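Let's work through a few exercises together. Keep the structure open beside you and try each task before reading its solution.

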Amino acid sequence: MPERNIAVIVNRAARKGGAAKHWPALEAELSARLGPFAPRFTAAPGHATELARSAVAEGARRIVAVGGDGTVNETLNGLLDASGRLIAPDVVLCPVPAGTANELCRALGHLEHPARALEAAAGTGTRPVDLLRVRCVDLAGRPVDRFGYLIVSLGAAATISHRTSRSRWLKKLGEVAYLLMTPVVTLGYRHRDVAIAIDDGAPQTRRLFTAMVANTENGGGGMKLMPGAKFDDGVLDLIEMGDVSRLGVLFGVMPKLYSGAHIGHPKVRVSHGTSFRFDSDVETLVDLDGETVGCLPLEVTVLPRAFLVGAP
């Protein structure tokens, strides 16, 4: 593929610097498939968005994102305009796993068959993916409007992600970091009342430990958080963990997260829809694709099959 049609964005700081150690080997494998290329290295949080946008302006149409879900999400946001439409209709996102969490790659089967991510980057095939649009407020109260592809979480799950990301030594452990932080947060987290409205329905207030709006069934380092969720059906899946005791979370819910059996718990509720709103009088963190983006109030909507990912 000609170099002018492809751009490779690399976050060497992914996995708290672990990606830098693996980059030479990945670069050699990508070069063998793509031919010579000049990698574009991120220099700070948010930089991948700028690099992706400039790459498209220069004519690149296959954008390879090397890093974790945070890097992939930033890159995706650089490919979209303010309404969630691709800035070039034929631009394709090609994630290559190199971060702490690589859940889009997992959903695409790239973790099970690692060479597939590289083959997809070098290939010409595509697959459509639904887009999540998230509106909330940041921690300073300013409006946030972001796009994602994986899971929006609020409450305890968002707090787990936030505290894991802030721990330099935990992030170096990879996917197990989230599992280790879960009991720490659980033992100190306070449930809160959250008003939830689905599609055009009236808001209903329920006491929650956490809730997640899922576009894929996997998240949190390989957990099957929402079994059966599909990233190309135009529908989002809401899972609520209600007024479960701390011990109930640790011993009744947590052990079942990897199998997906937790959805059978009597305090777990599953719903489906295309738009959701969440409000609470208590500050409640919001996480999008593994990154803290703000807090409630929160609106989540789906844009069906709004962007393309690479396929071999």
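**Exercise 1.** Which side chain meets that of Glu-291 in a salt bridge?

*Solution.* Before starting, note that this is a predicted model: local features need pLDDT of at least 70, side-chain atom pairs count only at pLDDT 80 or more, and totals for chains, interfaces and linings use all residues. Residues are numbered from 1 along each chain as its sequence is written, and side-chain values use heavy atoms, with hydrogens and water left out.

Step 1: apply the criterion, a side-chain nitrogen of Lys or Arg within 4 Å of a carboxyl oxygen of Asp or Glu. The partner is Arg-146, at 3.3 Å, N to O.

Step 2: Glu-291 lies in strand β17 (residues 291-311) and Arg-146 in strand β6, 145 residues apart; strands (E, at least two residues) and helices (H or I, at least four) are DSSP runs, numbered from the N terminus.

Step 3: check accessibility. Buried means under 20% relative accessible area, exposed over 50%, and partly exposed in between (1.4 Å probe, protein chains only). Glu-291 is partly exposed because its value is 27%, whereas Arg-146, at 19%, counts as buried.

**Exercise 2.** Find the network of salt bridges that includes Arg-135.

*Solution.* Step 1: start with the pair Arg-135 and Asp-145, whose side chains meet at 3.8 Å, N to O.

Step 1: locate both ends. Arg-135 sits in strand β5 (residues 125-137) and Asp-145 in strand β6 (residues 143-148), 10 residues apart.

Step 2: The structure holds 13 salt bridges in total.

**Exercise 3.** Is Ala-55 buried or exposed?

*Solution.* Step 1: Ala-55 is in helix α2. Step 2: its relative accessibility is 0%, so Ala-55 counts as buried. Step 3: beyond neighbours within four places in sequence, Ala-55 contacts Ala-7, Arg-40, Ala-60 and Ile-63.

Key. Contact = heavy atoms within 4.5 Å.
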